[in-house]
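Subject: Structure handover

Hi,

Here is the structure I promised to pass on to you.

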Amino acid sequence: MTAATFVVDGAPAPGPFVLTGPEGRHAVTVKRMAIGETVWLVDGHGSRSTATVTRAEGKDNLHVEVTDRVELPPATPTVTVIQALPKSDRQELTVDLLTQGGADVIVPWEAERCIAKWQPKKAAKWENAAVAAAKQSRRARFPHIMKPNALDEALDGADLVLVLHEEAARPLSAVDFSGVKSVVLIVGPEGGLSPAEVERFTEAGAHPVLLGPEVLRTATAGFAALAAIGVKTSRWLVES
C-alpha cells in the first residue's frame, strides 16, 4: 500500500516533525493515521520526505519521525498541456485527470469554439484541483497552472509540439520522442479546432496527430495522450 501524502511548506530533514494546520487535521481526523504508518510529506516542488507516525495530538497535530528526504527531478520529457476550456462542470475533472496523467504545466485556453469563457475566479479552483489530484496520485512535484491563453509563452522553446486533431493522418503512436526534452500538447475544445487555429499551430512548427479511432471529450483526451506519451518515453519508467 502506498503512503498517504500530505503537503508541507518544505519537506523536512530526518528527525522529529509535527504536521499541523489543515493537513494535520486531515491526517488525524479524516485519514486517522495510526502509529507506525508511513506518510509522505511533499512540498509540490520535487522534495519528498518519508516519515513514520509516532503519535497524534488533539485534532490537528500529527507527530512523525522523518527517516529520509529525497529530491525528485521532473520527468523527461516534460509535458505542457494547452487545454481548451471544457464546460464549467467538467473543468476541475479535466485538471484532475491531467494531473494524474503527469502534466508538468497546464495552460487554460479559450479556443475559438469553446462554449465556456475563462473567469478569474476559476484560477483558484484549477489550482486546488491540481493539488488534490497530486496528493491522490502521490506526486511530489505539482503541475504549474499558467495564466490563461499564454500560448506564445508555453510554445517558446519546446522541442516538440503536438496538436490532437481528429483529421490528422499521423497517429500519436508513430511519433518519435528520441532526444526530446520538452513536449507541448494542444487539446482542442468539444467543437474541434478551427482551421485558423490548426494553421496557426502548424505554422509555428506543431505536428497534428491522431490519438486513436475514437473521438474523446476534451476533458479526457489530454489524459489519454499523456498516458500514451508516458508509455512511449521514460516518463513512466519505474526503476526496480
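Pro77 sits in the loop between E5 and strand E6 (78-84); helices (H or I, at least four residues) and strands (E, at least two) are DSSP runs, numbered from the N terminus. The peptide bond that leads from Thr76 into Pro77 is cis, its omega being near 0 degrees. Another backbone detail to look at is Arg32, which has a positive phi of about 50 degrees although it is not a glycine. Arg32 belongs to the loop between H1 and E3.

Before you go further, a word on the source: this is a predicted model, in which local features need pLDDT of at least 70 and side-chain atom pairs count only at pLDDT 80 or more, while totals for chains, interfaces and linings use all residues. Residues are numbered from 1 along each chain as its sequence is written, and side-chain values use heavy atoms, with hydrogens and water left out.

Now to the domains. The protein chain is assigned domain 1 (4-71) and domain 2 (78-232), with bounds that come from an automatic or database domain assignment. Their C-alpha centres are 32 Å apart. Across the boundary, 13 residues of domain 1 are in contact with seven residues of domain 2, where contact means heavy atoms within 4.5 Å. The two domains bury about 770 Å² between them, and carbon and sulfur atoms give 59% of this area; buried area is the accessible area (1.4 Å probe) that two parts lose on being put together, summed over both. Of the area that domain 1 buries against domain 2, Thr5, Val7 and Gly44 supply 47%, more than any other three residues.

What holds charge to charge here? Between the domains the count is one salt bridge, that is, a side-chain nitrogen of Lys or Arg within 4 Å of a carboxyl oxygen of Asp or Glu. Lys135 forms a salt bridge with Glu23, with 2.9 Å between the closest N and O atoms. In one of them, the side chains of Arg25 and Asp60 meet at 3.8 Å, N to O. Arg25 lies in helix H1 and Asp60 in the loop between E4 and strand E5 (61-71), so this pair ties together parts that are 35 residues apart in sequence.

Last, there is an open sheet of six strands in the order E8-E7-E6-E10-E9-E11, with parallel pairing; two strands pair if DSSP finds at least two bridges between them. Strand E8 (144-145) and strand E11 (207-209) are the edge strands. Leu160 stands opposite Val183 in E10.

Best wishes
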